[in-house]
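Colleague: I would like to learn how to read helix packing and charge pairing in a model like this one. Could you take me through it step by step?

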Amino acid sequence: MRLRQKADLSEHRFREIGTGSPDSEAEIVSGLQNARVMIRALAQTLPEAERLQLSHSFGQKLVQCWWETCCLRHEAEMPLRRPQQLSTKYPLSEALESVAETVGKLASHLEPEIAAYQIGLTYTYVLPGTYRSTHGIYYTPPVLTQRLIHLATKTGVDWASCRVLDPACGGGAFLAPIAKHIISQLPECSPRILLENIANRLRGYEIDPFGAWLAQVALDVVLLPFTVISGKKTPNLVTLCDSLQKNPPRDRFDLVIGNPPYARTKLTPELRDKFKRSLFGHANLYGVFTDVALRHARVDGVIAFVTPTSFLAGEYFKNLRALLGSEAPPKHMDFVAARRHVFDDVLQETLLATYQHGAGRSSVAVSELHVTNPHELDIRELGALDMPADPSLPWILPRSTEQISTVQTLQRCKHHLVDWGYTVSTGPLVWNRFKDQLHSRKAKSRLPLIWAESILPDGRFEWRARKRNHEPWFEIRTKDNWLVSRQQCVLLQRTTAKEQHRRLIAAALPASFIDQHGAIVVENHLNMLKPLESTPRVSPEVLSAFLNSRAADQAFRCVSGSVAVSAYELEALPLPSPDSLDYLHKLISENAARDLIEDECHRLYQG
């Protein structure tokens, strides 16, 4: 089923600002985008060390102008809340002062949550890139905010009484609209009682000083009409802190919602021990924040998060999947179909999901979201899907309507690469650690170096090293034997994106190549599918042809949750029985047309 959902974004008529007269929200947003382009260009001329100070000074000027203009509109004389731990020492040029003033005034004509998003986005354009990525500062577009709040409502949140936490509240993307939801559910409350009600029920944590301050000011703007009438100061609802260090309060929350930071992180021994139940290998911040949410949600409470999709299948997240499956099964999952109109500078695929703490295991409602413009979603319902009996295993779910039948097929397949006679490992050579051993010419101590570019999109192997920094030969030294491979295998590119025509790009390494050179070295951007025995049940040529098929590609897209084609996900991919491959073997041996091979691979998956 396809639905259209429009975010609750009002249109306004505007008074003249400066020399322009914006008369639509789209015109204002366009003006803000143009301002950001100019601001980024100015910021990039500065050393990285100065940009954080600049971002704080510039961000404060933005918020000050926004607040003052909002107060003028409400005929209120109220001081701006003072920020914590923000430096104001960096002097702004006259040009930046002017831009900040214009952006702040423009933002005042937008709904508070949209204004805060636009101001936060402008702030990130000035931030140093390393600071932004380390802290995961990527603000949630209002259209996704509204959708996730809608999913939380469907999962059972009662806005008239719920207690809500956003443990990574950024610029208040969720707190501001949730405050409006609460207000709409309490129409009979006096302004004073309403402020007390919200003060008791809404909380935000944030580690970035500017984000925490912006979130609180966004709430102040939402509540400004009520503070004017009541004369009561807006309560402080946002705490500047590290959420990973916070222990849950005695009175836990009915809803934990947010867009946690995404980044691999190195936890202290104390934190690693604290979150060990959900960790396996490397820790990613959004996975740890999911554990935080579980600890803060009461029984029957709802968790609603915007995250990457990598936890659905990645090996590092198998303990997190097991934890969610046992303690908070998923209820709704929306896959964002494309990255346009979503997050600036983010490469991960995005998922909106809700979970219910303490609920029994049931099917999960899956949808595909198309962000058609900054205000509107095209929602395609994909149906209710069952989770695996062992929730630590990859969660195989369709991302699109085309994949529904594929998932149904995969649920019937009981075989994997090991049954075909193969195991998977990553190419061992991380080339930039061995730069002095890369060479352009053959020598006695040198072996062929196989790069990902040698695996061509049409499934052929062609030894080449044409890209920048690539060389065709690798010099073997003492203790380098662990880098050497002497057996025929199937090579498969390790990094592909969902936008590519195929995610699986494989080629059988010819036995003649091994015979000619005796051994090879494989670079880290390739997976090696190696036979477990000298004669596997399925030949490398047949395995390669199958992996390059449209049927295998669709199957893998239902398993994979990241741009990395991991060994773990390849080994988890459900496959047809190796006993059913005789005709495919025949087609490959006869060099049959590609269409015939594609048809047979499709038939194999249909069983």
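Modeller: Let us begin with the terms for angles: those under 35 degrees count as roughly parallel, over 145 as roughly antiparallel, 65 to 115 as roughly perpendicular and the rest as oblique. This is a predicted model, in which local features need pLDDT of at least 70 and side-chain atom pairs pLDDT 80 or more, while totals for chains, interfaces and linings use all residues. Residues are numbered from 1 along each chain as its sequence is written, and side-chain values use heavy atoms, without hydrogens and water.

Colleague: At what angle do helices H1 and H3 pack?

Modeller: Helix H1 (residues 25–43) and helix H3 (residues 94–107) pack at about 155°, their axes being 10 Å apart, and H1 and H3 are therefore roughly antiparallel. The contact (heavy atoms within 4.5 Å) involves Ile28, Leu32, Ala35, Met38, Ile39 and Leu42 of H1 together with Leu96, Val99, Val103 and Leu106 of H3. Of the residues in this contact, ten are nonpolar, with no polar and no charged ones.

Colleague: Which side chain meets glutamate 97 in a salt bridge?

Modeller: Side chains of opposite charge can pair when their charged atoms come close. A salt bridge requires a side-chain nitrogen of Lys or Arg within 4 Å of a carboxyl oxygen of Asp or Glu; here, glutamate 97 meets lysine 61 at 3.4 Å, N to O. Glutamate 97 belongs to helix H3 and lysine 61 to helix H2 (residues 48–73), so the pair ties together parts 36 residues apart in sequence.

How values were computed: Axes fitted to C-alpha atoms, helices over the stretch in contact; angles between N-to-C directions. Helix = DSSP H or I, 4+ residues; strand = E, 2+ residues; numbered from the N terminus. Nonpolar A, V, L, I, M, F, W, Y, C, P; charged D, E, K, R; others polar.
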